[in-house]
Amino acid sequence: MIRVRAAFTASALGLAFVSGWGVLPHTAMSQTAQRLGVDSARGVYSFAPNLERSLPAVVKVMALGGTSPSSDDGPKPIQGGSGVIIDAANGIIVTNHHVIDGGRNFTIDLLDGRFLDAELVGADEATDLAVLRVRGTGLTQVAQVDSDELRTGDLAFAVGYPFGLDQTLTMGVISGLNRTGRGDTIEDYIQTDAAVNSGNSGGPLLDSRGRLIGINTSILSGGMGGGNDGIAFAVPTRILRFVVDQILANGEVKRGEVGLVVGSLTAPRARELGLGIVRGAVVHDVYPGSAAEKAGLKRHDVITSLQDRPMMNGGSVQASVGITTPGTVLSVTYLRDGKEGRTIMTVDDDKAAIAHLGQSEAIARGLTVREVADGVQVQVVEAGTLAASVGIKAGDVVTFIDKAPLRTLSDFARAVDSPNKIHLIVQRDAEQVEFDLAR
């Protein structure tokens, strides 16, 4: 290894490397320059050799809608963006869901001037990702890197087709990791100040070696024109790989759930809980009968890690659970009353169940109930549900469903576990009230 205290002076190449022990030999200088990204033939510092291998994999994506009633010219473009080929042999392209949303047909333009028809394999609105397939020869794919290896301050390059221009590359750094709060269901974004603008959506975010680290998906803009203000977000490859594998295998994403409602730990909430940290996810609710309840998690617990991966906020938990399949066993570290606890939970299937039966509560049809001496008492009526619209209130005691008497949570769960309308008789103070409740 050559240790260099770098300084740059003029030479025949425009630069030379000077160490504390004198000028390095020409061979050593060339090797060092190559490692530092110097194009010695031109005497300039350049990332072109690393990036040029990946640029042919970046494509322009066009979504086409219906035909115009007064024209026979075929489907009309409705929106466009960028995409990147991740599997050249099979013609697999990743882009954003919002780039293809509403389209009936799709085309891609290649860097070499060709354009190809593409078919939609599947899309996932929760992560704003979509997978297209093209059939063509001479395609180039981009290499991928594990986004968990990224560090704030790493160089980042955004590539795409902004504002109708030809392929454009911009440079910045990774400004932050684990960003949430952009509005999608599953968020764990890379933040970068590489210029990302309209048309860049779906294009790749590359590292300095030209490897894929994320898919550009949105910007935060305070300007009147909605242009780049130096804050852009990309879906990391950690999430991308799960989504693409699911779409290729199933045509859709089949993910599990654990029955947690979480939020980010803020400074005021941390003070309420007597904690000296503002990193983690506060458990606001635990779904009865869920994996989280079976694992022993409770309201006000603060989840600090899943699978030994630090959880920065509520979005980190949602993203980590959102890229798991049913049956996955998750290790959980949490704080309760300031003390650390550990548990495991097995991810449930996310199929919608009519009734969720827990140890002390059950939830069904917009009602949360618990056992009392005379039946099951309504504790919560979810706003906006049919239960709320027909007039059921917290405190009502359900005594009969479809003429069958209720005594336990299990009785309630069995009685409502039907897609059909049910008839309830409730005790409200000194009177009996009847309701018909659809699902």
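Two strands are taken to pair if DSSP finds at least two bridges between them. The legends below describe close-up views of a predicted model.

**View 1. Pairing of strands E13 and E14 within a six-stranded barrel.** Strand E13 (residues 168-179) and strand E14 (residues 189-192) are joined by three bridges, and their pairing is antiparallel. Ile 174 stands opposite Thr 192 of E14. Both strands belong to a barrel of six strands, closed in the order E12-E13-E14-E17-E16-E15 with antiparallel pairing. From one strand to the next, the twist averages 45°.

**View 2. Helix H4 against the strands.** H4 lies across strand E16 (212-219) and strand E17 (232-236). Relative to E17, the helix runs at about 50°.

View 3. Three aromatic pairs are found in a search of the whole structure. Tyr 189 and Phe 233 form a tilted pair, with 6.0 Å from centre to centre and 45° between the ring planes.

**View 4. A cluster of aromatic rings.** Tyr 45, Phe 47 and Phe 157 are linked into a cluster by ring pairs.

**View 5. The largest nonpolar core and the surroundings of Ile 108.** This core holds 50 residues, of which Ile 85, Ile 86 and Ile 108 touch the most other members. Helix H4 (residues 237-250) contributes six residues, the largest share of the core. Neighbours within four places in sequence left aside, Ile 108 is in contact with Val 59, Lys 60, Val 61, Ile 93, Arg 114, Phe 115, Leu 116, Ala 118 and Val 134. Another core, of 22 residues, lies apart from the one shown; its members include Val 376, Ala 387, Ile 392 and Ile 422.

**View 6. Helix H7 and its start.** Eight of the nine residues of H7 (residues 314-322) are buried, and the helix is thus mostly covered. The buried residues are Gly 314, Gly 315, Ser 316, Val 317, Ala 319, Ser 320, Val 321 and Gly 322. At the start of the helix, a side-chain oxygen of Asn 313 comes to within 3.2 Å of the backbone nitrogen of Gly 315.

**View 7. Polar contacts of the buried Arg 255.** Arg 255 is found in the loop between H4 and strand E18 (256-257). The relative accessibility of Arg 255 is 12%, so this residue counts as buried, the limit being under 20%. The side chain of Arg 255 makes a polar contact of 2.9 Å with the side chain of Asp 124. The Arg 255 side chain also reaches the backbone oxygen of Gly 322 in helix H7, at 2.8 Å.

**View 8. Positive phi values at Asp 128 and His 300.** Asp 128 is not a glycine, yet its phi is positive, at about 60°. Asp 128 is found in the loop between strand E10 (115-124) and strand E11 (129-134), and at 6% relative accessibility it counts as buried. His 300, also a residue other than glycine, has a positive phi near 80°. The loop that holds His 300 runs between helix H6 (291-294) and strand E21 (302-306). With a relative accessible area of 47%, His 300 is partly exposed.

Methods: Residues numbered from 1 in each chain as written. Predicted model: local features only at pLDDT ≥ 70, side-chain atom pairs only at ≥ 80, totals over all residues. Heavy atoms only, no water. Core = buried A, V, L, I, M, F, W, Y, C linked by side-chain atoms within 4.5 Å. Buried < 20%, exposed > 50% of the residue type's maximum accessible area, 1.4 Å probe, protein only. Helix = DSSP H or I, 4+ residues; strand = E, 2+ residues; numbered from the N terminus. Contact = heavy atoms within 4.5 Å. Polar contact = N/O pair within 3.5 Å; in protein donor to acceptor, adjacent residues only side chain to side chain. Axes fitted to C-alpha atoms, helices over the stretch in contact; angles between N-to-C directions. Phe/Tyr/Trp six-rings, centres within 6.5 Å; stacked < 30°, edge-to-face > 60°.
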